Amino acid sequence: MSARLLDTHAHLIADDWETYRAQPFTPDLPVPERPSVTVTAEHLIALMDRHDVDHACLVQRGHVYGYDNSYILDSARKFPERFHPVVILDTQDPGAAEAYRRMVRDDRVAGFRMANSRPWLLDTAWMSSPTAMEVWRACADLGTPMTLIVFNNQLSYVLPLLKILAKEF
């Protein structure tokens, strides 16, 4: 019997730049440059088939698409037996937790990726504000994983907070 393989962290980048436009996390940030390499859903499926990978978690490419999860959600709808989307939403948006609950229910979203849109600012609101805490609660209630994008300059103050949050949720 051969082992089933799962790609736990696959990023997709569309080749259709009209439908899936690059966009920043917030309007005051610059629009990301179009990446020189794309990995479409179809390309990833071909790679997975070539290497006997059964499933892939499609992790939102935040620095390309910001909070617009359209491409990974559309790809997961197209290949539901192969792809499991992991989304990024704005944790400062009061509707983020409910939007996530809806995405899990309606779009088979499998996880949440929490990101700081301004990692050069040394704050923790992106992961511990009241609205961010609602997202943590939603993940806990739904039994879905939470991942965080943390940069080296954040480690000294984010890791102690992360221990507290992990105990809570």
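Visitor: Where is threonine 26 placed in this fold?
Guide: You'll find threonine 26 in the loop between β1 (5–10) and α1. Keep in mind as we go that this is a predicted model.

Visitor: Why is threonine 26 called buried?
Guide: Its relative accessible area is 15%. Buried means under 20%, so at 15% threonine 26 gets the label.

Visitor: What makes the link between the side chains of threonine 26 and aspartate 28 a polar contact?
Guide: The distance is 2.5 Å. A polar contact needs a pair of N or O atoms within 3.5 Å, and the pair formed by threonine 26 and aspartate 28 counts as one.

Visitor: Which residues does threonine 26 touch, not counting those up to four places away in sequence?
Guide: Those are Ser117 and Arg118. To be called a contact, heavy atoms have to be within 4.5 Å.

Visitor: What does arginine 34 contact, leaving aside neighbours within four places in sequence?
Guide: Arginine 34 is in contact with Asp15 and Trp17. Aspartate 15 is 19 residues away from arginine 34 in sequence, while their C-alpha atoms are 9.9 Å apart in space.

Visitor: Now threonine 91. What makes that one buried?
Guide: Threonine 91 lies in the loop between β3 and α4. Its relative accessible area is 3%. The cut-off for buried is under 20%, so threonine 91, with 3%, is buried.

Visitor: Which residues is threonine 91 in contact with, neighbours within four places left aside?
Guide: There's a list: Phe112, Met114, Trp126, Ser129, Thr131, Ala132 and Val135.

Visitor: What makes arginine 108 partly exposed?
Guide: Partly exposed covers what falls between buried, under 20%, and exposed, over 50%. Arginine 108 has 34% relative accessibility, so it lands in between. It belongs to the loop between α4 and β4 (111–114), and its phi is positive, about 60 degrees, although it is not a glycine.

Visitor: How does aspartate 52 count, buried or exposed?
Guide: Aspartate 52 has 57% relative accessibility, so it counts as exposed, the cut-off being over 50%. Aspartate 52 also has a positive phi, about 55 degrees, without being a glycine. Its place is in the loop between α1 and β2.

Visitor: Which residues of helix α3 are buried?
Guide: In α3, residues 70–78, the buried ones are Tyr71, Ile72, Leu73, Ser75 and Ala76. They pack against α1 (41–50), β2 (53–59), β3 (83–87) and α4 (96–107).

Visitor: What lines the largest pocket?
Guide: There are 18 lining residues, and Phe25, Gly62, His63, Asn116 and Phe151 lie nearest the centre. By type the lining divides into 10 nonpolar, 6 polar and 2 charged. The volume of this pocket is about 340 Å³.

Visitor: Let's zoom out. How do you know that the radius of gyration of the protein chain agrees with a compact globule?
Guide: For 169 residues, a compact globule would come out near 15 Å; the protein chain has 16 Å, so the two agree. Along its principal axes, the C-alpha trace spans about 40 × 40 × 30 Å.

Visitor: How much of the protein chain is buried?
Guide: Buried residues are 44% of the 169.

Visitor: And how many helices and strands are there?
Guide: The protein chain has 7 helices and 5 strands. Starting at the N terminus, their order is β-α-β-α-α-β-α-β-α-α-β-α.

Methods
Residues numbered from 1 in each chain as written. Predicted model: local features only at pLDDT ≥ 70, side-chain atom pairs only at ≥ 80, totals over all residues. Heavy atoms only, no water. 1 Å grid on protein atoms, 1.4 Å probe; cavity = no way out; pocket = protein on both sides within 12 Å on 5 of 7 lines; lining within 4 Å. Points joined across faces, edges and corners; volume = space filled by probe spheres on them. Nonpolar A, V, L, I, M, F, W, Y, C, P; charged D, E, K, R; others polar. Buried < 20%, exposed > 50% of the residue type's maximum accessible area, 1.4 Å probe, protein only. Helix = DSSP H or I, 4+ residues; strand = E, 2+ residues; numbered from the N terminus. Polar contact = N/O pair within 3.5 Å; in protein donor to acceptor, adjacent residues only side chain to side chain. Rg over C-alpha atoms; globule rule 2.2 N^0.38 Å.
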